[in-house]
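Please keep the sequence and the structure in view while reading.

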Amino acid sequence: MSFIWTLIIGAIIGAIGGAITSTSMGWIANIAAGLVGSWLGEKLLGSWGPHMADMAIFPSIIGAVIVVVVVSWLMTKMSN
């Protein structure tokens, strides 16, 4: 159940990151952005603030925004 909870919270964090950047991604991409963003955000900013599913919410959202922006930029560059 812990793994499912982590995926759900990762998807929510990824969706918030996508909403902040006004980028529409699928639910699998949201999960990936949320999980990678959580890891990146906690590595860069530390583990502060409230936690859910062993993820610090605020650094995770900031990390997800970074991941979404970078992936969106790369996809734009690849399509041109």
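Axes are lines fitted to C-alpha atoms, for helices over the stretch in contact, and the angles between N-to-C directions run from 0 to 180 degrees. By this convention, α2 and α3 pack at an angle of about 115°, and their axes are 6 Å apart. The model is a predicted one, in which local features need pLDDT of at least 70 and side-chain atom pairs count only at pLDDT 80 or more, while totals for chains, interfaces and linings use all residues. Residues are numbered from 1 along each chain as its sequence is written, and side-chain values use heavy atoms, with hydrogens and water left out. Helices (H or I, at least four residues) and strands (E, at least two) are DSSP runs, numbered from the N terminus.

- The expected span of a helix is 1.5 Å times one less than its number of residues.
- Helix α2 (residues 27-45) has 19 residues and should therefore span 27 Å; its end C-alpha atoms are 25 Å apart, which agrees.
- A residue is buried under 20% relative accessible area, exposed over 50% and partly exposed in between (1.4 Å probe, protein chains only).
- The buried residues of α2 are Asn30, Ile31, Ala33, Gly34, Gly37, Ser38, Leu40 and Gly41, and they pack against α1 (2-20), β2 (55-56) and α3 (57-79).
- In α3, the buried residues are Ile57, Pro59, Ser60, Ile61, Gly63, Ala64, Val65, Val67 and Val68, and their packing partners are α1, α2, β1 and β2.
- An α-helix has 3.6 residues a turn, so residues three or four places apart point the same way.

**Contact of α2 with α3**

- The crossing of α2 and α3 is right-handed; a crossing has this hand if the near helix is turned clockwise from the far one by less than a right angle, and is left-handed if anticlockwise.
- On the α2 side, the contact (heavy atoms within 4.5 Å) includes Ala33, Gly37, Ser38 and Gly41, and on the α3 side it includes Ser60, Gly63, Ala64 and Val67.
- By class, this contact of α2 with α3 has 11 nonpolar, 5 polar and 1 charged residues.
- In this classification Ala, Val, Leu, Ile, Met, Phe, Trp, Tyr, Cys and Pro count as nonpolar, Asp, Glu, Lys and Arg as charged, and the others, Gly among them, as polar.

**Contacts of α1**

- Angles under 35 degrees count as roughly parallel, over 145 as roughly antiparallel, 65 to 115 as roughly perpendicular and the rest as oblique.
- The axes of α1 and α2 come within 6 Å and cross at roughly 95°, and the two helices are therefore roughly perpendicular to each other.
- Where they meet, α1 contributes Thr6, Leu7, Gly10, Ala11, Ile13, Gly14 and Ala15, and α2 contributes Asn30, Ile31, Ala33, Gly34 and Leu35.
- The contact of α1 with α2 comprises 7 nonpolar, 5 polar and no charged residues.
- Between α1 and α3 the angle is about 60°, with the axes 8 Å apart, so these helices are oblique to each other.
- α1 passes α3 in a right-handed crossing.
- Ile13, Ile16, Gly17, Gly18 and Ile20 of α1 meet Ser60, Ile61, Ala64, Val65 and Val68 of α3; these residues divide into 7 nonpolar, 3 polar and no charged.

**Two serines**

- Ser38 lies in helix α2 and is buried, with a relative accessible area of 5%.
- Apart from residues up to four places away in sequence, Ser38 touches Ala33, Met55 and Ser60.
- Ser47 is found in the loop between α2 and β1 (51-52), and at 47% relative accessibility it counts as partly exposed.
- Leaving aside neighbours within four places in sequence, Ser47 is in contact with Glu42 and Ala56.
- Ser47 and Ser60 are 13 residues apart in sequence and 8.9 Å apart in space, C-alpha to C-alpha.

**Positive phi angles**

- Most residues other than glycine have a negative phi, and most peptide bonds are trans.
- Ala53 is not a glycine, yet has a positive phi of about 55°; Ala53 is in the loop between β1 and β2 and counts as buried at 17% relative accessibility.
- Asp54, also not a glycine, has a positive phi of about 60°; Asp54 lies in the loop between β1 and β2 and counts as exposed at 72% relative accessibility.
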